[in-house]
Amino acid sequence: MRLACTVNGERREAGGLWPGESLLYVLRERLGLPGAKNACEQGECGSCSVLLDDVLVCACLVPALQAQDRDVVTVEGLAAADLQEAFVDAGAVQCGFCTPCLVVAAHDLLRRCPNAGEADVREALAGNLCRCTGYVKILDAVRLAAERRRR
Ligand code: FES
Ligand code: FES
């Protein structure tokens with residue numbers, strides 16, 4: 001089976017897919033985009049978060065063929081690096097495993113809700129697990145990015 005879709009603004013194709021192969025597998029193993037991480041493969045940790053037609057999804061739960069002719073954005077495709085910089089500046093990166101998808105989730109929040117408050121940020125990131133930081137620095141990073149965008 002063959003998948004053709006837009007990934008990070010470029011038309012991409014992959015062949016030889018097996019039935020039920022996940023979008024996460026295709027992104028990482030067939031298209032060379034390792035930003036979305038593979039952890040639980042059960043939709044529990046958020047490490048594989050990407051945007052599919054502007055909706056935040058867990059790529060491990062999306063059969064790749066559902067992305068046919070649709071628009072996928074991964075952390076590699078985010079035009080602005082301000083969130084990544086805010087994560088570094090706030091000390092929100094330890095092992096870094098969760099960081100790419102937290103950045104995608106925060107990007108999704110701030111484009112929908114530029115004036116996101118504390119509760120909005122917590123809710124938006126609730127599906128993304130971090131094993132290292134305790135979340136305080138992550139919340140600081142998103143607040144910092146939001147403040148910088150408002151300046
Ligand atoms: S790897 Fe997809 S939610 Fe955990
Ligand atoms: S920084 Fe290690 S999992 Fe979040």
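Q: Leaving aside neighbours within four places in sequence, what is Glu-44 in contact with?
A: Glu-44 contacts Gly-127 and Leu-129, once neighbours within four places in sequence are set aside. Keep in mind that this is a predicted model.

Q: Where is Glu-44 found?
A: In the loop between H1 and E3.

Q: Buried or exposed?
A: Glu-44 counts as exposed, because its relative accessibility is 54% and the cut-off for exposed is over 50%.

Q: Let's look at E3. How do E3 and E4 pair, parallel or antiparallel?
A: Antiparallel, over four bridges, with E3 covering residues 49-52. Leu-51 sits opposite Leu-56 of E4. Val-50 has Val-57 as its bridge partner in E4.

Q: What about the hairpin of E3 and E4, how many residues lie between the strands?
A: Two. In that hairpin Asp-53 takes a positive phi near 50 degrees.

Q: And E3 with E5, parallel or antiparallel?
A: Antiparallel here as well, over two bridges, where E5 is residues 71-73. Leu-52 stands opposite Val-72 in E5.

Q: Which way do the residues of E3 point?
A: Ser-49 and Leu-51 point one way, Val-50 and Leu-52 the other. All four are buried.

Q: Switch to helices. Which residues in H1 are buried?
A: Leu-23, Leu-24, Val-26 and Leu-27 are buried in H1.

Q: What do the buried residues of H1 pack against?
A: Against strand E1 (3-7), E2, E3 and E5.

Q: What happens just after H1?
A: Gly-32 takes a positive phi of about 70 degrees there.

Q: What does Ser-22 touch?
A: Ala-59, Cys-60, Val-62, Pro-63 and Ala-64, not counting residues up to four places away in sequence.

Q: Now Asp-108. Which helix is it in?
A: Asp-108 is in helix H3.

Q: Is Asp-108 buried or exposed?
A: Asp-108 counts as buried, at 5% relative accessibility.

Q: What does Asp-108 touch?
A: Leu-51, Asp-54 and Leu-56, not counting residues up to four places away in sequence.

Q: Then H3 and H5. At what angle do they pack?
A: About 40 degrees, with axes 11 Å apart. H5 is residues 136-150. That angle makes H3 oblique to H5.

Q: Right-handed or left-handed crossing?
A: H3 passes H5 in a right-handed crossing.

Q: Which residues in H3 meet H5?
A: Leu-102, Ala-106, His-107, Leu-110 and Arg-111. On the H5 side they meet Ile-138, Val-142, Ala-145, Ala-146 and Arg-149.

Q: How many nonpolar, polar and charged?
A: The residues of the contact of H3 with H5 divide into seven nonpolar, one polar and two charged.

Q: Last pair, H2 and H3. How do their axes cross?
A: At roughly 120 degrees, coming within 9 Å, with H2 spanning residues 82-89. That makes H2 oblique to H3. The crossing of H2 past H3 is right-handed.

Q: Which residues make the contact?
A: Leu-83, Gln-84 and Phe-87 from H2. From H3, Thr-99, Leu-102, Val-103, Ala-106, His-107 and Leu-110.

Q: How many nonpolar, polar and charged in the contact of H2 with H3?
A: Six nonpolar, three polar and no charged.

How values were computed: Residues are numbered from 1 along each chain as its sequence is written. Chains are lettered from A and ligands numbered from 1 in the order in which they are written. This is a predicted model: local features need pLDDT of at least 70, side-chain atom pairs count only at pLDDT 80 or more; totals for chains, interfaces and linings use all residues. Side-chain values use heavy atoms; hydrogens and water are left out. Two strands pair if DSSP finds at least two bridges between them. Axes are lines fitted to C-alpha atoms, for helices over the stretch in contact, and angles run from 0 to 180 degrees between N-to-C directions. Angles under 35 degrees count as roughly parallel, over 145 as roughly antiparallel, 65 to 115 as roughly perpendicular and the rest as oblique. A crossing is left-handed if the near helix is turned anticlockwise from the far one by less than a right angle, and right-handed if clockwise. Contact means heavy atoms within 4.5 Å. Ala, Val, Leu, Ile, Met, Phe, Trp, Tyr, Cys and Pro count as nonpolar, Asp, Glu, Lys and Arg as charged, and the others, Gly among them, as polar. Buried means under 20% relative accessible area, exposed over 50%, partly exposed in between (1.4 Å probe, protein chains only).
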